[in-house]
Amino acid sequence: MAHAAGEHGHGQEYRHGQGDGLDAEIARRRAALVREPPYTAAGAGHAAGLGSALLARFRRGHDPVDLDEAVQHLRAAVAATPRAEDAAVPRLVLLCEALERAARRTGSAAPLTEAVQLLDDALDARPAHHPDRAVLLLKGTQALIDRYAFESRPDVLDLAITRGRAAAAAATADDPVNEGAARGILGSALHDRYQRTHRTADLDEAVTLLERAAALATGGNRATATAELARCLLTRARTTRHTGDVDHAARVLRAALDRPPAGGWSRSAAHLLLAELGKAMVRRHERTGGNEALEAARQVTQAALDLLPAQHPGRPAAVANLGSVLERAHRETGDPAPLEQAVGLYRHALAQLPDAGPPRRYFLDGLGYGLRTLYDAYGDPADLHESIGLLRQAAAAFPEDDPDQMATRYSLVQALRAEHQRTGDRSALREAAGVAAAAVAVRTASVGRRIEALAAQGHVRAGLKDWPGAADSLRQAVALVPRLATRDRLLMDQLHDLGDTSGLPSAAAACALNARRPERALELLEHGRGVVLSRRLTARGGLAPLWQADPELAREYVRLRRAFDPPQPAARPDLATPPGRTQPAPAGAPSGPGAPRPEDREAEWGALLRRIRALPGLAGFLVPATAAELLADAGPDPVVLVVPSWYRCDALLLRNGRLDVLRLPRLTFRAAVDRAAVLQEATEAAHDPAVGVRERLAAQQTVAGVLDWLWHTTVHPVLKRLRLDAAPAPGTARPRLWWCPTGPMALLPLHAAAPAEDGGRRWLRAPRSDGGALDRVVSSYTPSVEALRRVRSRPPADPATASSCVVAMGRTGDGHAPLPSAAAEAALAAAALPAATVAADDAARRDRVIGLLAHATHAHFACHAVDDPGRPAESRLLTAGHRERPLTVADISALGLEHAELAFLSACSTARGAARLADESVHITGAFLLAGFRHVVGTLWQVDDTASLEITRLFYEGTRSSRPVGAGPTGAGPTGAGAAPYALHEAVRALRDRYPRTPTLWAAHTHTGA
């Protein structure tokens, strides 16, 4: 963030004018220097005036000859001026500005080293309260920041911040120009340090300083301070999907453009503001999607470029910025034309740069990545080879611990892997392994980048068939995944970053299996999946042991769970104010001067857990389970983890304390992804009133085909290994089985898998009524083995205090179809559940429902639901007034109930989440599990109103029976919530037998939990 000394009010030897007047002044000063040598007092003045005029002409025309001569004459002037003279500091400031510009032009840090030394000497010669110290400290801070940009030395940056604080302290309130400049430069330095250390306090302080700097600055400095404020806000926005900081940055930039100083903005100042506004529009597009923001970014970025003359030193960056926007347009649309334009712009920008200097590596990276993308589009090996060469140069140009190198190294790894795939050359993979190893060693990188580097290293090692090495790299990556879900971040941000790790635990487990480490594979699957769930589930065995051991710590635990685990901002993400400013605190969160800063939440939580674990008998409180612990709890009812990956597909079978690995050769990861997509399309078509009868029949056939595929690739092999592949004899109990599917398999109805019969005619195709999973086992689901352990270990609710919340929305409005059966469902549920309170239609508003759930042990919802793949935490049950106050996944998961038993969700798609978050169970069913319910009945797709009523009737009949059909004919079976899996199983079987050729009516319902 450069502040010209003359604009600070410290004077220049010559205030340049326009056109011939400047040239005339240069000629006059040259003639004067012939008469007066520069070592005399008069000559020093003429040398300073000539240097000032030449520097002014360089600012206009960017002729390097003018700059070189300006440095020469200003050096002479400074050397000949006694330090006590009033002109000494203005001349030194001018020289330092010229040296800073010379460093940027040549790509050498030597001029900056000279500037820092000159300023240090001048400071040493002045006492503590000398009036010149403020401007010297100010200019010294700027020189150190510029020097850091070249050398990336943390000690240089720390010194810049120290000098900046001293400059801010020395700037008096009656000198607002210097005060604003000092705050702006200090904010810039803190911004730079945040980029290296990721200390949130530095970035927040930078924003505060720059807001004040922008308010105090005048002229071009206001544009500079405003642009740097916008940069800080956009940097802070990188860590969140929230749009608050992005929108704030756009507002301050637009306000500056709309309110120029008298005489208008200079071209350079207007360019600076427009360039940052273009970046803000790109960030807005990243969060909201659509072409509107992206097209606005293109127009603004083009306008910023058009303001710069051909020789302007900022033009290469402006050209590259436009290329970046066009490259993003290609990613959005798939059209290769913008990508070709982007590559051409990157080439042009790179050609305009000096041969050395800090910026060059970023331009090399941009062109290299663009060419790599162009190779993906057209497959030309020349593009790939050039990309690899450019990315090699860029990676080699970064200092050893610079976190910015991570993206470049990742791009190079991907390009080298593409070269290996194209040619089979293993040397490309070996080079990629070295590049990834160098990235892994960068400890200053963010957690997300470190995970990305470790994952890349693991996949490269897997390509080299180094399975132990691959498993170790991926194990380290998985170990970092929970750090993406820290309590100082909004749930939307946690989920976004966790979605970026989709498939990582399964790949890690596959590599561990190839390395013959099945127990390690189990641990990797457990520790890398269900991260949000594992952080929010109640401790195994409940909180009773903690209350008994230390009631005070138990109260503190409950307080922090409620206060520091906010699921969402209070307002809608795209309307909320910037985080950390005036955003409303979540309900129950502490506020005021004594409240902990957001970045302290995770530290406070960690300190509390250490205190709890120090108590006798509580050393394992919320500690991730080991494979041995998971297996120790494995009883006779099997738990089956289905693990598809690119390397291999398996089922891990846990039963009777043993772990058995079953290879699934007919299952592939790609097929699982495709079947999940096909199933979603078919189930939507089957319930779409606009679709014709023939298309609906075809959709049912498609669903039957998916069930057939599941049976042959996965379910039947599993049941055969478990010796459960034969249907039980009539009148005997069906065994329980828990499915724990991972990745795309979590979107598929394993419980309903069945071989298809077609009777010789395709339209007769249907699941066989005696040949599928429904006829062999009572299936339940669990998002993880540890989640099942914790739910099983909790004591059941006291029947004497049980109560129920029943919600029925027969009329939802807003274009949603009426649900005529909702009232009948509510009546059935209310009759079957204990102490039921029914909230129907207008009485079923969000706040009332949450209030009822907060004290309920049982719940039943008969309503519409919306699953939101783009914002899974915003998936919601449609209660009354849902547009203004929706009942979301975030609301439900935050309830934190201790003795909840059963939730029956008779609504559409409550157990279906976003594909990239399949391992996190972020859907409405998962939210009720998070809230504390031991049994949750949900649905994988849209359900029919009449069929739902029938399943509800059969279900509650089963839970009231002392001997549910699925539990066998002898002895008393479980009743109430304990009978839920058996009752649902028999209800689904009954509908299956009634409508065998319409699987969408009965295969959607699932049981999750104990």
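Modeller: A nonpolar core is a set of buried Ala, Val, Leu, Ile, Met, Phe, Trp, Tyr and Cys residues joined through side-chain atoms within 4.5 Å, and buried means under 20% relative accessible area, exposed over 50%, partly exposed in between, with a 1.4 Å probe and protein chains only. This is a predicted model, in which local features need pLDDT of at least 70 and side-chain atom pairs count only at pLDDT 80 or more, while totals for chains, interfaces and linings use all residues. Residues are numbered from 1 along each chain as its sequence is written, and side-chain values use heavy atoms, with hydrogens and water left out.

Colleague: Which residues of the largest nonpolar core touch the most other members?

Modeller: The largest nonpolar core has 93 residues. Apart from it lies another core, of 87 residues, with Val71 and Leu253 among them. In the largest core, the residues that touch the most other members are Leu654, Phe861, Leu877, Phe928 and Phe933.

Colleague: With which residues is phenylalanine 928 in contact, leaving aside its neighbours within four places in sequence?

Modeller: Phe928 is one of the buried residues of helix α36, where helices (H or I, at least four residues) and strands (E, at least two) are DSSP runs numbered from the N terminus. Helix α36 covers residues 924-931, and eight of its eight residues are buried. With contact taken as heavy atoms within 4.5 Å, the partners of phenylalanine 928 beyond those neighbours are Leu853, Phe861, Leu877, Ile892, Ala903, Leu905, Phe933 and Val936.

Colleague: Why is strand β2 largely enclosed by the rest of the structure?

Modeller: Strand β2 spans residues 649-655 and pairs in the antiparallel sense with β1 over six bridges, two strands being paired if DSSP finds at least two bridges between them. Six bridges also join β2 to β3, again running antiparallel. As for burial, β2 is largely enclosed because the buried residues number six of its seven.

Colleague: In β3, which residue is the bridge partner of leucine 653?

Modeller: The hairpin formed by β2 and β3 has two residues between the strands, and asparagine 656 in the turn has a positive phi of about 55 degrees. For leucine 653, the partner in β3 is aspartate 660.

Colleague: How many disulfides does a search of the whole structure find?

Modeller: A disulfide is taken here as a pair of cysteine sulfur atoms within 2.5 Å. Cysteine 96 is buried, because its relative accessible area is 0%, and cysteine 805 likewise counts as buried at 0%. The number of disulfides found in the whole structure is zero.
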